[in-house]
Amino acid sequence: MKIGRNRVRALPTVCRLRELLTYDPLTGEIRWRVDRGGCKGAKAGDLAGTWRKDGYLIISIDSSPCLGQRIAWAIMTGVWPDRIVDHEDTDPSNNEWTNLRLATGEESAANKNKPSHNTSGMKGVRERNGRHLAQITLKGRSKYLGSFATEGEAKAAYDQASIEAWGEFARP
């Protein structure tokens, strides 16, 4: 076991999760099944965990911090997920069962909204010298899709490339 920030903690068993928590697949709520001691003293029926600044639910189980969507997956399927649990609608606070799916890192990255520093207003499109350039990142490398006269043409090129690359994970 490592010491410090990157130490590895054992995940609780799915049996332990089910002993301590309930999950409502329709609302995505995770609640304590039992009273919890400690400084906050959560009661059975209380919502479990705290919301991080980035919108993700984090729940500490036997001193192991776990993401809410991963707990939901484990409770519903009976096994801890072996990949990322992606939020289809990109809302990290929406842990409804129909919104969760397994994804690779690249698929999860594809299912992101446009970055906050984006100035064109369109994912994969930027302006340079009066032209609109389209590019996509595949397997960690930027792929140039072309230079276009209009934003619409550049966006169409990006959208087509993202759908071809990621299918249902594409967020054009």
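1. Strand 3 and strand 4 pair in the antiparallel sense over 2 bridges, where strands are DSSP runs (E, at least two residues) and helices are likewise DSSP runs (H or I, at least four residues), both numbered from the N terminus, and where two strands pair if DSSP finds at least two bridges between them. Within this pairing, tryptophan 51 stands opposite leucine 57 in strand 4. The two strands belong to an open sheet of 3 strands with the order 3-4-5 and antiparallel pairing. Strand 3 (50–51) and strand 5 (64–67) stand at the edges with a single partner strand each, so one side of each has no neighbour in the sheet.

2. On the basis of these remarks: the model is a predicted one, in which local features need pLDDT of at least 70 and side-chain atom pairs count only at pLDDT 80 or more, whereas totals for chains, interfaces and linings use all residues. Residues are numbered from 1 along each chain as its sequence is written, and side-chain values use heavy atoms, with hydrogens and water left out.

3. As to the overall make-up, the chain has 4 helices and 10 strands, which follow one another from the N terminus as α-β-β-β-β-β-α-β-β-α-β-β-β-α. Of its 172 residues, 35% count as buried, where buried means under 20% relative accessible area, exposed over 50%, and partly exposed in between (1.4 Å probe, protein chains only). The chain exposes about 10,500 Å², of which carbon and sulfur atoms supply 51%; these areas come from the Shrake-Rupley method with a 1.4 Å probe, and for residues only the protein chains shown count as cover. Among contacts (heavy atoms within 4.5 Å) between residues at least 6 apart in sequence, 39% join residues at least 24 apart.

4. The largest nonpolar core has 22 residues, of which Leu17, Leu21, Ile30, Trp32, Ile59, Ile61 and Ile71 touch the most other members; such a core is a set of buried Ala, Val, Leu, Ile, Met, Phe, Trp, Tyr and Cys residues joined through side-chain atoms within 4.5 Å. At least two residues each are supplied by helix 1 (14–20), strand 1 (21–23), strand 2 (30–32), strand 4 (57–61), helix 2 (68–77) and strand 7 (100–103), and the largest share, 5 residues, comes from helix 2. A second, separate core of 8 residues includes Ala103, Tyr158, Ala161 and Phe169. Leucine 21, leaving aside its neighbours within four places in sequence, is in contact with Ile30, Arg31, Trp32, Arg33, Ala48, Ile61, Ile71 and Ile75.

5. Helix 2 also lies across strand 4 and strand 5, running at about 85° to strand 5; axes are lines fitted to C-alpha atoms, for helices over the stretch in contact, and angles run from 0 to 180 degrees between N-to-C directions.

6. A second open sheet of 3 strands has the order 8-9-10, again with antiparallel pairing, and its edge strands are strand 8 and strand 10 (141–148), each of which pairs on one side only. The twist averages 30° from one strand to the next. Strand 8 (residues 125–128) and strand 9 (residues 131–138) are joined by 4 bridges, with valine 125 partnered by alanine 134 and arginine 128 by arginine 131. In the hairpin of these strands, which has 2 residues between them, asparagine 129 takes a positive phi near 55°. Helix 4 (residues 151–166) lies across strand 8, strand 9 and strand 10, running at about 10° to strand 9.

7. Asparagine 95, in the loop between strand 6 (84–87) and strand 7, deserves a separate comment. The residue is buried, with a relative accessible area of 1%, and, neighbours within four places in sequence aside, is in contact with Tyr23, Gly28, Leu57, Gly68, Gln69, His87 and Leu100. The C-alpha atoms of asparagine 95 and glycine 28 are separated by 4.3 Å, although the two are 67 residues apart along the chain. A polar contact of 2.8 Å joins the side chains of asparagine 95 and histidine 87, the term denoting a pair of N or O atoms within 3.5 Å; within protein, one must be able to donate a hydrogen and the other to accept it, and residues adjacent in sequence count only if both atoms are side-chain atoms.

8. Serine 108, found in helix 3 (residues 105–110), is buried with a relative accessible area of 8%. Leaving aside its neighbours within four places in sequence, serine 108 is in contact with Ile84, Asp86 and Ala103.
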